[in-house]
Amino acid sequence: MTVQERIREDHAAPAGAFLDVRDMVVEYPLAGGAKVHAVSGISFQVAKGETLGLVGESGCGKSSAARAVLQLPRPTSGAVRLGEEELTHLRGAALQRARRRFQMIFQDPIASLNPRRRIRDIVAAPLEIVGEGDRAARYKRVAEMLDLVGLNADQAMERRPHEFSGGQCQRISIARALILRPDLLVCDEPVSALDVSVQAQILNLLEDLKHRFGLTLLFISHDLAVVKHVSDRVAVMYLGMMCETADAQSIYRRPAHPYTRTLLSAAPEPDPGRKPAPLDMLAGELPSPVNPPSGCRFRTRCPMAQARCAAEVPQMRRLAPGHAVACHFPLQ
Amino acid sequence: MSEPLLTVENQRTAFATGRGLVRAVDGVSFTLERGRTLGVVGESGSGKSVLSRSIMRLLPPNARSSGEVRLGGRDLTAMSEKALRALRGPEISIVFQDPMTSLNPVMTIGAQIGEVLTRHLGMSRKAAKARSVELLASVGLPQPDVRVDQHPHQLSGGMRQRVAIAIAIACEPALLIADEPTTALDVTVQAEILDLLARQQAERNMAMILITHDMGVVAGRCDDVAVMYAGRIVEQASTEDLFRDTRMPYTSALLASIPRLDDPPHRKLEAIAGRPPDLIHPPAGCAFSPRCRYADDLCRSQPPALEDAGRGHRFACWRPMTMEAAE
Ligand SMILES: Nc1ncnc2c1ncn2[C@@H]1O[C@H](COP(=O)(O)OP(=O)(O)OP(=O)(O)O)[C@@H](O)[C@H]1O
Ligand code: SF4
Ligand code: SF4
Ligand SMILES: [Mg+2]
């Protein structure tokens, strides 16, 4: 087996991948020839009906990765296969057609809705773009969808976004995202702007809709507890690289990457019995993605770093079935 | 017994708006001793920031404020703006969620800390500069001797918050109010900043009010916690009691709605239906009654008072929960 083949096998999602991302790179050119290395060759797979949680802190490239999956814009290099279709090869009308199959919801629910339009037209817009049904048929679909996301359609249809709370606006965004019955829903920090009581409503709603529509979810968040709640598997990113992927239980019980452990220990737990432990990370700042560290990108903050970490980029390798880590000296 | 460091007595703060009077803080009373940390938690709009600005006496012109705020025996509500300015820094100071609220974008960091030191402590410019570098080092800013000559935009968000903290503690205040100091920051940076605040507090025996919407943040870091809902404190207790012997249904519902790291994946969360009340037309009785599963006619018609049930555990509820009900 070649190294590449072994890596592929180790990455394989349990039940065959529906979304298969290979060696994806996203770079943003800067003036003077430099570039931002936002995503530097990540691979991950998501099985049909599965939720993959993508976690990491600001600047780790999780939103760039999500947008590149959706070809918004296309990644600098790498492959993104959804079902049988290689999305990076699609152009023009073919890409437009494929777009029906994947939708996205964003962090700021209010800003992502056009303030001047009525809710019924906001939610109907995707149907209109693909030219589906007449007006009456479209509004009927909208009303059904609003009911499904827990809004009173009779009251909501004619109103405008400012008349709704943040949580309600996120329900409207979800209705709009699901109206074309996509296969894949990408959620980029969908509850980060919401209060906890409302956050719980939206998380429960996403779980319900996932089952009802057989959705595959890519769920991005900086909040580990939120990610654990909705995910079957979890992938941790740091500065454009994948650190660790595992099923949602194992990654929390037995983190193998030092950065995963740091993230877990920093997460504030609502339990007065657990005093916060000192942070398992060297003091300093997040390195710039324009000029990332050689070798392992976490090495400037990693308490376990050794000479090899600067010389050699750690490759993803399998620790246990479904559990892979990119570290020369994994924990345990 | 000597007087507590801070006494807030029936503070009410309302804003005149086009839609009517917004009762943002609606009768808040509490005390805080030297060296202690009080966590104030609540959801967006519950009045946490207006309360902190009411204590600081930093209110906008459309605010109507009543009540009493005593700090070290002095009534801040009766003081002139000039007298208050002399107090802000050496006696009481505040750190905001967005550090740029208190930083000046066109001044170097050293000049900003130096200004506070020369104004309040009468230091010479040279001494102030040296002290600024020390302060920046004490808040964990890397390369303090270089950073001192930089401007805020040259720093990351976490570093700016460290600078804002350095300014806030420069004159060793007796009370520091930290209003969501880490909400905009990454979890690892949050942990560092909260550690930093705890260290500074212990070294200086400073009292702190830590305002946050995150129950996780208060759990590990506060002596006592007050929960706010619709402009009032609805429950307050030692941190241990608040989490283990929760009496007020809103606190309990809030705790149940939080996703926890040790939950199994896909556990259904206990969401609180509905949303917080409109502060212009709050419900007649208990403000939580439209969302409370225990609400009865009394709850809907009369607001419950905040009463002390012993050991400093206060709650405002007609039908407080017992341990069994919370199970
Ligand atoms: N200057 C003002 N004029 C009118 N209303 C105001 C003003 N400042 C605050 N309010 C209102 O007072 C209420 C309480 O606001 P406050 O900012 O204290 O909430 P908070 O608990 O700090 O919320 P968050 O968690 O979002 O910071 C809100 O309804 C808010 O809209
Ligand atoms: S490869 Fe080295 S620096 Fe990177 S996480 Fe592992 S031990 Fe730390
Ligand atoms: S007073 Fe009544 S409505 Fe309010 S929290 Fe208690 S039981 Fe619920
Ligand atoms: Mg606030």
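## A walk through the sheets and ligand sites

Start in chain B and select β2, β1, β4 and β5: in that order, these four strands form an open sheet with antiparallel pairing. Its edge strands are β2 and β5 (74-75) of chain B, each of which pairs on one side only. Strands here are DSSP runs of E with at least two residues, helices are runs of H or I with at least four, and both are numbered from the N terminus. Two strands pair if DSSP finds at least two bridges between them.

Before you go on, know that this is a predicted model: local features need pLDDT of at least 70 and side-chain atom pairs count only at pLDDT 80 or more, while totals for chains, interfaces and linings use all residues. Residues are numbered from 1 along each chain as its sequence is written, chains are lettered from A and ligands numbered from 1 in the order in which they are written, and side-chain values use heavy atoms, with hydrogens and water left out.

Stay on β1(B) and β2(B), which run antiparallel and are joined by 10 bridges. Click B:Gln11 and look across: B:Val28 in β2(B) stands opposite.

**Next stop: ligand 1**

Show the residues around ligand 1, meaning those with a heavy atom within 4 Å of the ligand. There are 16 of them, and B:Ser44, B:Gly45, B:Lys48, B:Ser49 and B:Val50 come nearest. A backbone N or O atom of B:Val50 sits 2.8 Å from an oxygen atom of the ligand. For B:Ser46, a polar backbone atom is 3.2 Å from an oxygen atom of ligand 1. Over at B:Asn62, an N or O atom in the side chain is 3.3 Å from a nitrogen atom of ligand 1.

Which elements give two or more residues to this shell? They are β1 (6-17), β2 (20-32) and α1 (48-56) of chain B. The largest share, three residues, comes from α1(B).

**The eight-stranded sheet**

Still in chain B, select β6-β7-β8-β3-β9-β10-β12-β11: that is the order of eight strands in an open sheet with mixed pairing. The edge strands, each pairing on one side only, are β6 (92-95) and β11 (307-308) of chain B. Zoom in on β3 (residues 37-41) and β8 (residues 207-212) of chain B, which pair in the parallel sense over five bridges. There, B:Val40 has B:Ile211 in β8(B) as its bridge partner.

**Over to chain A**

Select β1 (residues 17-29) and β2 (residues 35-47) of chain A, an antiparallel pair with 10 bridges. A:Leu19 stands opposite A:Val46 in β2(A). The two strands form a hairpin with five residues between them, and A:Gly32 in the turn has a positive phi of about 85°. β1(A) also pairs in the antiparallel sense with β4 (residues 77-82) of chain A, over five bridges. On that side, A:Val21 stands opposite A:Val80 in β4(A).

The residues around ligand 2 include A:Cys296, A:Cys302, A:Cys309 and A:Cys327.

Key. A polar contact is a pair of N or O atoms within 3.5 Å; within protein, one must be able to donate a hydrogen and the other to accept it, and residues adjacent in sequence count only if both atoms are side-chain atoms.
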